[in-house]
Amino acid sequence: MYFTDLDLNDSVLDALDSMHFEECTPIQEKAIPALLEGRDLIGVAQTGTGKTAAYLLPILNKLSEGNYPEDAVNCVIMAPTRELAQQIDQAMEGFSYFMNVSSVAVYGGNDGIVFAQQKRGLIKGADVVIATPGRLIAHIQMGYVDLSHVSFFVLDEADRMLDMGFYDDIMQIVRLLPEKRHTIMFSATMPQKIQQLAKTILHDPVEVKIAVSRPADKIKQSAYMCYEKQKLGLIRWLFRHEEAKRVIVFASKKTKVKDVTRSLKQMGMNVSEMHSDLEQAKRDEVMLGFKNGHINILVATDILSRGIDIDDIQMVINYDVPHDYEDYVHRIGRTARAGNDGAALTFVSPDDSRYFRQIEDFLGKKVERLDIPEELGGNPIPEVKKETEGKRKGSKNRGKRKPNAHRTRNSQQDNNPKKQHRPRRKPARNSGNEAPANKN
């Protein structure tokens with residue numbers, strides 16, 4: 001479906017035309033008509049499916065037609081992170097270019113001048129307020145925020161907001177909104193807590209679900225099965241043999257991010273890091289440098305797995321396996337965007353092999369295994385390592401076992417020498433809770 005097939009006014013279509021947006025994504029095709037009808041909506045869609053436009057376009061369409069109070073906040077869009085709020089704000093600027101619709105982005109991590117600008121926008125009544133929960137609450141507590149005229153309320157990435165502990169903040173904001181309003185919620189997943197929140201704040205909503213899609217075919221996926229201690233040497237080896245341009249390395253912990261960044265800097269690589277220990281000003285500086293091409297390699301925690309919109313990332317490296325297939329899709333979805341090719345490489349340690357098998361089950365295929373260079377110790381075959389390790393641990397105590405201990409694995413019998421040496425003339429009676437059978 002094309003945007004021209006939707007009931008959007010000329011101002012919106014002119015903006016889309018200037019941005020070379022022609023064809024709707026599946027979430028836009030399903031959500032926009034329902035929202036133009038004024039229905040509440042809950043959309044289940046992952047990052048990168050076009051959900052921002054799916055709710056912004058119909059809201060802007062209605063606001064541009066007038067009949068909404070001037071000098072009042074008419075729309076509140078909540079986002080879990082500063083980065084996503086910035087991205088929505090940028091999309092807002094493009095989509096509203098030909099309209100007389102004002103907006104202000106409200107998020108933390110900035111100086112007093114920016115706070116004053118946010119305050120001024122809230123007091124004057126920007127049509128659209130794009131905010132993180134904590135910073136909007138801070139302004140509300142100052143006593144100058146009036147949300148009594150809000151006609152549109154949007155929760156973007158609602159699951160992340162609840163995971164980050166923003167439920168009470170969200171409900172505090174909801175209590176300040178008119179009962180009669182148009183409410184829209186988007187979430188990448190639909191756990192019980194999201195369903196309960198939807199029942200609380202939505203009225204007879206339309207449900208639009210776009211299943212978690214498998215990674216784009218243009219992403220070449222591969223994996224190294226390696227020991228944890230081989231990872232640092234492996235990533236150094238990779239960047240000695242591969243051209244390092246536009247690469248994101250995802251690690252599970254801040255300590256690993258720092259270790260990898262330090263190691264690559266020692267090689268003279270143009271690399272920077274991104275994690276929650278950094279001040280917001282530094283995070284902004286790093287992101288700007290990466291977007292502008294001044295930084296070639298960005299090592300980050302999952303703070304960047306969603307909400308980063310850069311089209312020319314050539315490779316994603318999973319230094320650690322994400323423990324959820326959706327996180328894997330989000331991570332590697334940073335590459336092969338806008339029709340480009342891309343590569344995704346994952347380091348799989350023995351402890352993470354079961355998570356990687358779950359990812360492969362979701363993908364419906366086995367990811368290509370690559371050989372570890374001999375100089376790094378070769379392939380350890382870690383997919384069977386954990387099983388053999390268990391046997392080795394048991395073998396250390398074989399000579400110490402007491403007679404007849406092999407007959408049962410019941411912990412009470414094993415720990416009672418009398419029972420171990422007592423001849424068993426008949427099976428012991430049991431109330432129905434039999435000891436588990438020896439599977440080995």
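The model is a predicted one. Its secondary structure comes to 17 helices and 14 strands. Of the 440 residues in the protein, 50% are buried. Take the contacts between residues at least 6 apart in sequence: 77% of them join residues at least 24 apart.

- Two packed helices are described by the angle between their axes and the distance between the axes.
- Start with helix α2 (residues 26-36) and helix α3 (residues 51-64), whose axes come within 9 Å and cross at roughly 25 degrees.
- Because angles under 35 degrees count as roughly parallel, α2 is roughly parallel to α3.
- The crossing of α2 with α3 is right-handed.
- On the α2 side, the contact is made by I27, Q28, A31, I32, L35 and L36, and these meet K51, A53, A54, Y55, L57, P58, N61 and K62 of α3.
- Sorted by type, the residues of this contact are ten nonpolar, two polar and two charged.
- Here is a handy idea to keep in mind when you look at a helix: an α-helix has 3.6 residues a turn, so residues three or four places apart point the same way.

- Now find helix α4 (residues 82-95) and helix α12 (residues 280-291), which pack at an angle of about 55 degrees with their axes 12 Å apart.
- That angle makes α4 oblique to α12.
- α4 also passes α12 in a right-handed crossing.
- From α4, the residues R82, E83, Q86 and Q90 meet Q280, R283, D284 and K291 in α12.
- This contact has no nonpolar residues; three are polar and five are charged.

- Helix α6 (residues 133-140) is mostly covered, with six of its eight residues buried.
- Those buried residues are P133, R135, L136, I137, H139 and I140.
- Strands β2 (75-78), β3 (103-106) and β4 (128-131) are among the elements that cover them, and so are helices α5 (112-124), α7 (158-163) and α8 (167-174).
- In helix α14 (residues 353-363), the buried residues are S353, Y355, F356, I359, E360, F362 and L363.
- The cover over the buried residues of α14 includes β8 (219-225), α13 (325-332), β13 and β14 (368-369).

**A strand residue to look up: V348**

- V348 sits in strand β13 (residues 342-348), and β13 is one of the elements that cover the buried residues of α14.
- With a relative accessible area of 0%, V348 is buried.
- V348 and K231 are 117 residues apart along the chain, while their C-alpha atoms are separated by 9.1 Å.

**Cysteines**

- A disulfide is a covalent bond between the sulfur atoms of two cysteines.
- How many disulfides does the structure hold? The count is zero.
- C75 has 0% relative accessibility, so C75 counts as buried.
- C226 likewise counts as buried, because its relative accessibility is 0%.

How values were computed: Residues numbered from 1 in each chain as written. Predicted model: local features only at pLDDT ≥ 70, side-chain atom pairs only at ≥ 80, totals over all residues. Heavy atoms only, no water. Axes fitted to C-alpha atoms, helices over the stretch in contact; angles between N-to-C directions. Helix = DSSP H or I, 4+ residues; strand = E, 2+ residues; numbered from the N terminus. Parallel < 35°, antiparallel > 145°, perpendicular 65-115°, else oblique. Left-handed = near helix turned anticlockwise from the far one by under 90°. Contact = heavy atoms within 4.5 Å. Nonpolar A, V, L, I, M, F, W, Y, C, P; charged D, E, K, R; others polar. Disulfide = S-S within 2.5 Å. Buried < 20%, exposed > 50% of the residue type's maximum accessible area, 1.4 Å probe, protein only.
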